[in-house]
Amino acid sequence: MFIVDAHEDIAYNALHHNRDVRSSVAETRTREATVPPPEDGVLSGASELAMVGLPEHRQGGVGLIFATIFVPPGEPAAMTSDGFSQLQYYHNLAAENIGVRLVTSRDELARLRHDWQAASTPDARPVGMALLMEGADPLPNPSALEHWYGQGLRMLGTSWRGTRYAGGTREPGPLTDLGRALLAEMTRLNMILDISHMAEESFWEALAQFNGPVIASHSNCRIYVPTDRHLSDDMIRAITERDGVIGTVLANQFLVGGWEHSQPLPRLDAVVQHIDHICQLTGTSRHCAIGSDFDGGFGVASTPEELDSVADLSKIGDALKHSGYTEADIQGVLGGNWLRLLQEALPDEQTQ
Ligand SMILES: [Zn+2]
């Protein structure tokens, strides 16, 4: 089964925590046992065991990743520079001839799926990366987006914390004038809006203004985890009425309200609970998917018991099956729903 993981901070971890996605998870853990990764004070999860490596993606059937450009709050010029460094990192990775491809068009997506199916062994599978900017701070102004689009960026979220464009997690607020101009530029470029981390006031305003495709790359259900980081039932309905897709985040504190490390690890039924809630609200599984955020400020000590690395994502399918979901539902949640959305939202090759 071709699995899609809609949120991995690969470049951020490479540039800020000295992690190398080309290494296996076992290699990274062995190296970090003697040389712990540097911490930059924003995301401390690099002190936990890593879960992400290209070999595990291949073994676990993860054929496509939404690979993020994530820049913590800082000085404007430094954020722009960090963003470009992360963009360059992905281009370098794709140029290395190690089977990593940037996916920016329908044709590239179709070729990726074809070549992935045709691979003679899991180790020979290509790994696609579709670029997603998490928080628009690297953009000094909306007109900078066109260059990024030309460099392959197809998905953008305005916020992590609040940005100059919109309110964000724990920093509520509306869109700014710059934020409205950014959404207009996204419309012109036919980009995908990622509303994860967007403050609720900004969210409603953005949905009213922006008519393009809408996703939540990594957000859970507020009914189980009542913070502004997650989606109210009304927000879930609004995204799904736009035929958007919601990636369930696999961090324990986002799966179980109030979870702390002193408590036992949740099991995968906690993941199923969030997916099932969206299915019950909407009457279909077509809007549910995975956005693990593995190694995004947390590691294996903060994920459900059955998950040791990204190679274990298919176990979510087993848990869904146990709860009565059909094979078609499971294929959709593990990858098919993201693929459908991208197939509709990405440009043809010619329009790049
Ligand atoms: Zn995030």
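Author: Let us begin with the pairing of strands. In this predicted model, strand E1 (residues 3-8) is joined to E2 by 4 bridges, and the two run parallel. E2 is also joined to E4, by 7 bridges, and this pair runs parallel as well.

Reader: Which residue of E2 is the bridge partner of aspartate 5?

Author: The partner of aspartate 5 is isoleucine 65. Isoleucine 65 also stands opposite methionine 129 in E4. As a general idea, side chains in a regular strand alternate between the two faces of the sheet.

Reader: How many residues of strand E2 are buried?

Author: Buried here means a relative accessible area under 20%. In strand E2 (residues 62-70), 9 of the 9 residues are buried, so the strand is largely enclosed by the rest of the structure.

Reader: Let us turn to the metal site. Which residues coordinate the zinc ion?

Author: The zinc ion is coordinated by Glu134 through OE, and by His197 and His218 through NE2, at 2.0 to 2.2 Å. The donor residues follow the spacing E-x62-H-x20-H. Glutamate 134 lies in strand E4 (residues 127-134), while histidine 197 lies in the loop between strand E6 (192-194) and helix H8 (200-209); the pair therefore ties together parts that are 63 residues apart in sequence.

Reader: Are glutamate 134 and histidine 197 buried or exposed?

Author: Both glutamate 134 and histidine 197 are buried.

Reader: Finally, which residues of helix H12 are buried?

Author: In helix H12 (residues 314-322), the buried residues include Ile316, Gly317, Ala319 and Leu320. These cover an arc of only 160° around the axis, and therefore lie on the same side of H12. The face turned away from that buried side carries the exposed residues Lys321 and His322.

Reader: What covers the buried residues of H12?

Author: The cover includes helix H11 (269-282), strand E9 (288-290) and helix H13 (327-345). After H12 comes glycine 324, with a positive phi near 100°.

Technical notes: Residues are numbered from 1 along each chain as its sequence is written. This is a predicted model: local features need pLDDT of at least 70, side-chain atom pairs count only at pLDDT 80 or more; totals for chains, interfaces and linings use all residues. Side-chain values use heavy atoms; hydrogens and water are left out. Donors are N, O and S atoms within 2.8 Å of the metal (3.2 Å for Na, K and Ca); water is not among the atoms, so sites may look incomplete. Buried means under 20% relative accessible area, exposed over 50%, partly exposed in between (1.4 Å probe, protein chains only). Two strands pair if DSSP finds at least two bridges between them. The arc is that of the directions from the helix axis to the C-beta atoms. Contact means heavy atoms within 4.5 Å.
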